[in-house]
Amino acid sequence: MEKHNQPHYLPQVRRYRNMRKILMALAPLLIITIMLYSWIINQNISCLMEPKRDWNDFDMAGRGHLDPLLIEYLRSKILIKPNSLPYDLNDPFVLDPTSIELTNLSNRIFKNKRNGIFFEAGAYHPESHSMTIFLERFLGWTGLLVEPNPVQFSTLLRSNRKSFFMQACLSPKNQSQKMVLTSEGMQSKLGEKKSSSSFEVECFPIYSILLAANFTKIDYFVLDVEGFELPVLKTIPFQSVDIDVFAVEHYNNKKPEELKDFMEDAPKQHNFCLPLVVYECSMQMSPHLCGRSNRYAMSGLEPVVVASSTFERQRIKCLQAGMLFDDPDFPTTSKSIYYTRRFSFFPTSTHKWMRPKDICKYYYTEPRFYLDGGSRFDLIQGELGDCWVVAAAACLSEDRHLLERVVPSGQSFNANWYAGIFRFRFWQYGEWVEVVIDDKLPTIGGKLVFVHSNHENEFWGALLEKAYAKLHGSYEALRAGTNSDALTDFTGGLVEQYLLSEPPPNLSRLFTKAFERRSLVGAAIYGDYSRNTELASGLVTGHAYSVTDKKEVSVNGRKFDLIRVRNPWGSHVEWKGAWSDNSEEWKLLPYDDRRRMGMVNRDDGEFWMEFRDFVRNFHAVEICNLTADALVDPPKTWSTSIVHGQWVKDHSAGGRLRYDTFWKNPQIRLRVEDHDEDADDQASFVVELLQKDRRSSKQLGLENLTIGFVIYAVLPSTPMPLTRNYFYYNQPTGEVNSYINARAVVQRFTLKPGEYIIVPTTWSPNEEAEFTIRVFSEAKHSTNSIADPEDNAIPSSTDGNANGTSNSEVDVTTQSLKKYFDNLAGPV
């Protein structure tokens, strides 16, 4: 048969047919891709062809609040979005930098609501005068900050607040307009041009601003526009804006009653209920609440009395009456200065009580509360021997948050705030007591006799001293004391003291734990405190230092325990030994480690030194352990408790252990529930015994009693209270190193977790006084009085927490006195 060969072109035909099938399968996908690509190209071309809007070509003046172009202009040109950078604040550890206690406001009005929205017009400063910083930082709120002054606005921007910003003023009309803004110190006012500090600004309707920021539901609305509040409020379309709480300045309004009436009627006119806070705003934003309104009943909210204190009511009363406050409880007589003839050096015949404004007339200047925010240089001791008060106040001034707890912010001599009245707060045995004074101060020849400043027109230190003198009855009552007593009253802290001639073996670890809990640590070199001497080492005798940090570093496999110390002079007078600023040791440490430690070589008074050199060169240290409510977000806190009691003659004043009546003393049960985190079976705790009010009773001839305490370990099954036989047959587990006639006796113990009985005593039987016992521990603990077996379940413990939960308190004496008098009375 003849063989036929396939045509040579058949393989090409088959390949063509296969390719056609593939193309037909991919055709729909290819068509879609081409169409999508064409659409993207067209969009880009359209965007490129669309001219960028040049806002200089548009005049915004006279545009209504609903004008789309005006809203677009505000959104794209004026509104600044928040950034993700960390806060840059002057006082990052201050919980509430305002004078109206926003922590209280947020709880009582907003119920600590999280992630709310605020609007603040007249924002002025990101911290000290902010009505919203607490809500933003600690409750996660955001909002819009509006400030027209360019200098103040730049300060707002630098703070990195987590809110929107707008440099603009609010128009008093429903249309935008240009107005003149005059900067007068802390205030910026709209009006006619008056000086070189005036400039033209753009003012926009508030509703346009809210629409541009997309904020039409607002939880907290703050309005502070220096007298234009009422016109601005009248422009708000309440039917279109949902606002929960208003805070409106009314002090600078020419018709404050009309403003109040409008706020009372506005919710009714628009059938909308608004809980209202109207506050008086002086240059320091002092609050004042207008009277109760029926709106609270309608909304189901109670009125929040922001300015309910006696101080605020008295200050506002004086302002309204045009008079200055005179303190009837601390009169301008010799009895407020001294109570004994020993204080006769004070020339009563030539002294004169004068107000700061009158003192300053001698120097042709005006009085100021602060000149530089408060520093240790503002405190110079006068003729009174109260260096212990001055030293503690100087320590307080190093921490802004602690200072403002004692010296509430917002006080000044500005004309629209000043009424001759000031207030201060001091810790007194478990509670903070507010002391209100007038500003009359003892002078001779126009000069302050007692505490004064380097600047003759600065008075916060002199007024603080006067308030503390009033607390104790007179200036003379402040003569002679210990720094730890004043630190306790100024911080509420528990102060431990250690002599470095015999340091505890775990002192380094104590420092580490103190810094973890943000305790205040001070160190001293003994010497003539009236005449400092600089040593060859660079340290100064007769001088107090603050200790600010502690780190452990490794160099070539060798570990060094370093401590950072600060000379409050803030100068070049620093340690010159190993690890000082210019020492060779730093060159051996990697750069990243130096940066982590914050090592900066400059003459600022702060330096590092090895811990063993610190112990060799310093003589004493004080550790002021703070409670959780004194701190802002501490990494660790103490578990604390407090118990009150009394030694009563023939009943509960048994004297020290050598007396047969020792068993009669009050007994406090301490339950330590766990060991320290760095110890397997040991728990450390600090016990403080305070005798109450002895300094205030000096004028009655009462001095400090000699006091101490003893600790016994007990079993849960041990009958309570402990009897005479128990004390006779059992030895103490711990006791104070020595009894002392001081206000406070403090001792640290390290024992196993379990139950203990603390027995506070006087030196001798039948010595009467009231006392307070506090316990600070790392692990959780509780205390209760054992005045009577029926009392055993009364709790008195507080775990430290950042929210500052108040310590519970127990009165040891009440129940036991009842039993005592029942026994005396016999059966009925």
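Buried, for a residue, means under 20% relative accessible area. I start there because histidine 543 has a relative accessible area of 7%, so histidine 543 counts as buried. Keep in mind that this is a predicted model.

Let me begin with the annotated positions. The unreviewed UniProt entry lists Cys387, His543 and Asn567 under "active site". Histidine 543 sits in strand β21, which covers residues 543-555. Cysteine 387 belongs to helix α12, residues 387-396.

Next, lysine 692. This residue is in the loop between β27 (683-691) and β28 (707-714). Its relative accessible area is 16%, so lysine 692 is buried. What does lysine 692 touch, apart from its neighbours within four places in sequence? Its contacts are Tyr429, His644, Glu770, Phe771 and Thr772. With histidine 644, the lysine 692 side chain makes a polar contact, side chain to side chain, at 3.2 Å. Alanine 769 is 77 residues away from lysine 692 in sequence, yet the two C-alpha atoms are 7.2 Å apart.

Now the salt bridges. How many does the structure hold? The count is 33. I will go through three of them.

Aspartate 439 pairs with arginine 355, with 2.4 Å between the closest N and O atoms. That pair links distant parts of the chain, 84 residues apart: aspartate 439 is in the loop between β14 (431-438) and β15 (441-444), and arginine 355 is in the loop between β12 (352-354) and α11 (356-359). Aspartate 439 is buried, at 0% relative accessibility, and arginine 355 is buried too, at 8%.

Aspartate 438 bridges to lysine 466, the closest N and O atoms being 2.5 Å apart. Here strand β14, which holds aspartate 438, is linked to helix α14 (residues 460-472), which holds lysine 466, across 28 residues. Both partners, aspartate 438 and lysine 466, are buried.

Aspartate 244 and lysine 217 form a salt bridge at 3.1 Å between the closest N and O atoms. Aspartate 244 is in strand β10 (residues 242-249) and lysine 217 in strand β9 (residues 217-223), 27 residues apart. Aspartate 244 is partly exposed at 27% relative accessibility, and lysine 217 is partly exposed at 36%.

Last, the surface. Ile22, Leu26 and Leu29 make up a nonpolar patch there, with about 300 Å² of accessible area together. Leucine 26 lies in helix α1, residues 10-49, and is partly exposed, with a relative accessible area of 46%.

Conventions: Residues are numbered from 1 along each chain as its sequence is written. This is a predicted model: local features need pLDDT of at least 70, side-chain atom pairs count only at pLDDT 80 or more; totals for chains, interfaces and linings use all residues. Side-chain values use heavy atoms; hydrogens and water are left out. UniProt positions are given in the numbering used here, feature names are shortened, and annotations may be inferred rather than shown by experiment. Helices (H or I, at least four residues) and strands (E, at least two) are DSSP runs, numbered from the N terminus. Buried means under 20% relative accessible area, exposed over 50%, partly exposed in between (1.4 Å probe, protein chains only). Contact means heavy atoms within 4.5 Å. A polar contact is a pair of N or O atoms within 3.5 Å; within protein, one must be able to donate a hydrogen and the other to accept it, and residues adjacent in sequence count only if both atoms are side-chain atoms. Patches are made of residues with over 30% relative accessible area and no salt bridge: like charges are joined within 9 Å, nonpolar side chains (Val, Leu, Ile, Met, Phe, Trp, Tyr) within 5 Å. Accessible areas come from the Shrake-Rupley method with a 1.4 Å probe; for residues, only the protein chains shown count as cover. A salt bridge is a side-chain nitrogen of Lys or Arg within 4 Å of a carboxyl oxygen of Asp or Glu.
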